[in-house]
Amino acid sequence: MTAIDWSRFGEEAIDVFKALLRIPTVNPPGDERPAAEYLARLFEREHIAYQLVESAEGRTSIVARLTGTGARPPLLLNGHLDVVPVEPAKWTHPPFDAVEADGCIWGRGAIDMKNMVAMGAMALVQLKRSGASLARDVIFAGVADEEAGSRHGSLFLVEKHPELVRAEYVLNEVGGHTLYMGDSRYYPIQVAEKGLCWFEIAAEGEPGHGSMPHPDNAVVKLARAITALGDTRLPLHVTPVVEHFLRTLAKGAPFPQRHVMPLLVQPKLAGHLLDLMRRANPDQAKGIGAMLSNTTSPTVLEGGSKVNVIPSRASVKVDGRVIPGQPIERFLDEVRAVIGEGLSINVFDAHDGTVFSSDTPLYRAICGALARHDPQAIPVPYMIPGFTDSFAYARLGAICYGFSPVRLEPGMDFTKMYHGHDERIPRAGFLWGLRVLHELIADFCR
Ligand SMILES: [Zn+2]
């Protein structure tokens with residue numbers, strides 16, 4: 001094995017990353033095929049075996065594999081190729097030009113998650129070039145459609161081509177970034193995701209002429225339900241991952257957060273403390289609140305069609321998120337208790353949350369890799385309020401971690417980059433992550 005020339009290899013990885021940023025894979029509609037084909041050409045040049053999988057016209061995923069001795073089961077590196085839409089007028093630099101400015105590379109997907117796509121693909125390239133003998137297969141999956149629920153991407157692979165993506169472990173997004181708390185540098189590693197329950201609430205009422213109001217108006221009944229949901233915090237369900245996360249973060253936090261954070265797990269105090277926190281730090285309150293309870297966000301309203309006609313039906317779609325371990329039915333009972341009788345609830349999409357143990361060789365290897373590259377790093381397992389492709393791979397029994405390493409400078413809010421304007425990644429932080437990820441994989445699969 002020859003030593004890696006990191007400055008050269010880093011530039012090569014940045015070129016791949018920028019090329020991916022310049023391919024607009026906005027979902028909807030997705031159109032991931034050009035990005036998948038770009039990666040196919042890369043793997044072709046490097047003589048790495050790959051397969052393109054298309055679930056629908058243009059909805060292409062790519063799966064590449066380095067074959068090991070089979071002594072141990074595979075490791076899968078996952079990255080979704082699609083990105084969320086942009087409002088170009090709100091961006092400092094055009095979102096699909098991969099502009100480099102102020103030490104950062106700017107573009108939709110810079111953090112979510114073409115950085116990980118590039119790092120994962122280049123990890124395979126480097127392993128292949130080095131000729132290293134691997135005990136595990138290393139699989140790379142660049143998948144379509146994560147941003148719209150994964151149906152055309154990871155879920156399709158899991159259901160139709162499980163042999164391509166079956167692995168003992170998966171490394172995926174939303175973790176491995178620097179989180180500053182006081183003088184401490186944490187690296188949250190995602191081990192849990194909330195489940196989802198998307199449902200519609202419908203109110204039925206007496207139709208009539210708008211000139212003669214009556215109390216059985218479907219729109220009014222629905223509005224009461226929506227208001228009640230908006231005003232109510234659902235009961236606390238503290239999980240061990242979240243409790244440990246808050247206690248660990250509290251140790252580095254300044255006064256008074258240091259004392260407040262551990263108290264957030266107490267049912268009698270949580271609501272009050274979150275209200276106080278909302279005034280001081282609304283983003284933090286929002287993030288922590290979502291870790292402690294099931295949540296509902298009413299989003300899409302449908303009602304009448306003419307101003308002078310009282311409709312017989314009005315409905316709202318609600319984005320419900322469910323703490324792992326909480327059955328969907330129990331969550332719906334919580335919703336019913338808030339909105340009261342007389343309305344119908346119809347679930348149109350749901351899946352359970354996931355929790356993975358952090359007591360595994362891969363988790364320990366992650367901590368080791370972080371410690372080598374940032375001796376002050378404090379890794380901490382955490383739960384995200386959303387979901388990623390990991391919920392799909394979990395169906396094949398994989399242990400999935402959110403770990404797409406990136407070193408951030410103080411003041412850069414990682415969570416705001418997600419789906420935000422001016423999404424960008426520090427060049428140095430990307431190169432740092434590339435090296436951490438590569439060494440982690442090389443060591444773990446040796
Ligand atoms: Zn993502």
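1. Domain bounds here come from an automatic or database domain assignment. For this protein chain, that assignment gives domain 1 (6–181 + 356–445) and domain 2 (193–351). Please keep in mind that this is a predicted model: local features need pLDDT of at least 70, side-chain atom pairs count only at pLDDT 80 or more, and totals for chains, interfaces and linings use all residues. Residues are numbered from 1 along each chain as its sequence is written.

2. A word on the overall picture. The protein chain has 15 helices and 19 strands, where helices (H or I, at least four residues) and strands (E, at least two) are DSSP runs, numbered from the N terminus. Its radius of gyration is 23 Å, close to the 22 Å that the globule rule gives for 446 residues, so the chain is as compact as a globular protein of that length. That radius is taken over C-alpha atoms, and the rule is 2.2 Å times the number of residues to the power 0.38. Along its principal axes the C-alpha trace spans about 80 × 55 × 45 Å.

3. Buried residues make up 46% of the 446 residues; a residue is buried if 20 or more other C-beta atoms lie within 10 Å of its own, exposed if 12 or fewer, and partly exposed in between, with C-beta atoms placed from the backbone. Among contacts with a separation of 6 or more, 78% join residues 24 or more positions apart, a contact being two residues whose C-beta atoms, placed from the backbone, lie within 7 Å.

4. Now to the two domains. Their C-alpha centres lie 32 Å apart, and 13 residues of domain 1 are in contact with 17 residues of domain 2. On the domain 1 side, the elements giving two or more residues are β17 (377–384) and α13 (390–394). The largest share, five residues, comes from β17. By class, this side of domain 1 has nine nonpolar, four polar and no charged residues. Ala, Val, Leu, Ile, Met, Phe, Trp, Tyr, Cys and Pro count as nonpolar, Asp, Glu, Lys and Arg as charged, and the others, Gly among them, as polar.

5. Helix α3 (residues 114–130) deserves a look. Its 17 residues reach 24 Å from first C-alpha to last, close to the 24 Å expected at 1.5 Å a residue; the expected span is 1.5 Å times one less than the number of residues. The helix is mostly covered, with 13 of its 17 residues buried. Gly131, with a positive phi near 70°, follows α3. In the loop between β5 (104–106) and α3 sits Met113, and the peptide bond from Asp112 to Met113 is cis, with omega near -10°.

6. The loop between α1 (6–21) and α2 (33–45) holds Pro28, and the peptide bond from Asn27 to Pro28 is cis, with omega near 0°. Asp31 is also in the loop between α1 and α2, and has a positive phi of about 50° although it is not a glycine. Asp31 counts as partly exposed because 19 other C-beta atoms lie within 10 Å.

7. Finally, a hairpin. Strands β1 (residues 49–56) and β2 (residues 59–66) pair in the antiparallel sense over seven bridges; pairing requires that DSSP finds at least two bridges between the strands. Two residues separate β1 and β2, and Gly58 in the turn has a positive phi of about 85°. Glu54 has Thr60 in β2 as its bridge partner.
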